[in-house]
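Here is a predicted model to go through by question and answer. Each label is set against its cut-offs.

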Amino acid sequence: MLAVLALLAVAAVAGFCLIGLTGDWEYALGLRTRKIATMIVVGTAVACSSVLFQTVTGNRVLTPGVMGFDQLFVLIQTLIVFLFGALTLSSADPRLLFAGQVAAMVLFAGALYRLLFGRGGRDLYVLVLAGVVFGTLFGSLSSLASRLINPNDFVVLQDSLFAGFNQVDPDLLALSALLVAAAAVWTARLAPRLDVVALGRDHALNLGVHHARVVNRVLVVVAVLVSVSTALVGPVTFLGLLVASLARQLTGTFRHGTVLPAAALLAVTVLVGGQLVLERVFTMDTALSVIINFAGGVYFIALLIRESRR
């Protein structure tokens, strides 16, 4: 199954590179290669963070987005436009903006984990509920601020809130790739312990795994992965839920050594294939995140219905 998913990912990448290729091939391939690299980094980060978050929470319908990271990103963008104007957001140094957004989201996650996550297993659910509350608060503040800004500034703000892969700074892409690669290597080494943690806190302790320590480290890695992917291209809400659930269904296992690469390959296939459809079918008339969120939302509803019937 991993080989099949790898072939699908390669086919999507090849199709994106070659379909509609005209004019200066070297220039066009350079642009498309950068887009593909961005989608690989973002897809891997979203897929790994979603699988890891579902493992430590023991819930297959939760994603890191429930912690309010996406809404915090939206709030930061909105406050910049509200306080300094859309020109500041458009002309700001992308590296400084990226560093500030990542730092804000990681600090928010760290403060939330330190204040709420203790040694008791039930504290994890308090953490998730607190994330939902803060996400709602950030969303409400963003909505309030967006209603007070200039309509022209609001148009610029809306464009910045949709995930886009067309204009990513090469330096930021390289930094993000290093962070995601380091997190992926660390996760691969921790895969056997994650298999035990997925059994539950009591079983993990009985089998000699320090549950709280593993969960704390996983949550930090999840915060870094989500922060990097969101700050790099913007929020992609339902992608993680979609690829994590499909990876478990297609592989038929809960072993992280198989599920994590399967989810990453699926994410790359969905992003690259979706971008290909967006450019060739919709002629860039919409955003990729709209297509993914629509498909992911339909799948999420179907998943809830199936779980309720069980």
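Q: What makes the second largest cavity a cavity, and what is its volume?
A: A cavity is a set of points on a 1 Å grid, over the protein atoms alone, where a 1.4 Å probe fits but cannot get out. Points are joined across faces, edges and corners, and the volume is the space filled by probe spheres set on them. By that rule, the second largest cavity has a volume of about 30 Å³. The count comes to two cavities of 30 Å³ or more.

Q: How do you know which residues line the second largest cavity?
A: A lining residue has an atom within 4 Å of a point. For the second largest cavity these are T55, R60, A198, R248, F254 and H256. By class, the lining has two nonpolar, two polar and two charged residues. Here Ala, Val, Leu, Ile, Met, Phe, Trp, Tyr, Cys and Pro count as nonpolar, Asp, Glu, Lys and Arg as charged, and the others, Gly among them, as polar.

Q: What are the ground rules for this model?
A: The model is predicted: local features need pLDDT of at least 70, side-chain atom pairs count only at pLDDT 80 or more, and totals for chains, interfaces and linings use all residues. Residues are numbered from 1 along each chain as its sequence is written, and side-chain values use heavy atoms, with hydrogens and water left out.

Q: Why is Q101 called buried?
A: Buried means under 20% relative accessible area, exposed over 50%, and partly exposed in between (1.4 Å probe, protein chains only). Q101 has a relative accessible area of 3%, so Q101 is buried. Q101 is found in helix α5 (residues 94–116). Contact means heavy atoms within 4.5 Å. Leaving aside neighbours within four places in sequence, Q101 is in contact with F73, I76, Q77 and A231. Over the chain of 310 residues, buried residues make up 47%.

Q: What makes a run of residues a helix here, and how many helices has the chain?
A: Helices are DSSP runs of H or I with at least four residues; strands are runs of E with at least two; both are numbered from the N terminus. The chain has 13 helices and zero strands.

Q: What makes a set of residues a nonpolar core, and which members touch the most others in the largest one?
A: A nonpolar core is a set of buried Ala, Val, Leu, Ile, Met, Phe, Trp, Tyr and Cys residues joined through side-chain atoms within 4.5 Å. The largest has 84 residues, of which F69, Y113, V218 and L232 touch the most other members. Helix α10 (residues 211–233) gives this core its largest share, 13 residues.

Q: Why is α10 called largely enclosed?
A: Of its 23 residues, 18 are buried, so α10 is largely enclosed by the rest of the structure. From first C-alpha to last, α10 reaches 33 Å, close to the 33 Å expected. G234 follows α10, with a positive phi near 105°.

Methods:
On a 1 Å grid over the protein atoms alone, a cavity is a set of points where a 1.4 Å probe fits but cannot get out, and a pocket is an open set with protein on both sides within 12 Å along at least five of seven lines; lining residues have an atom within 4 Å of a point. The expected span of a helix is 1.5 Å times one less than its number of residues.
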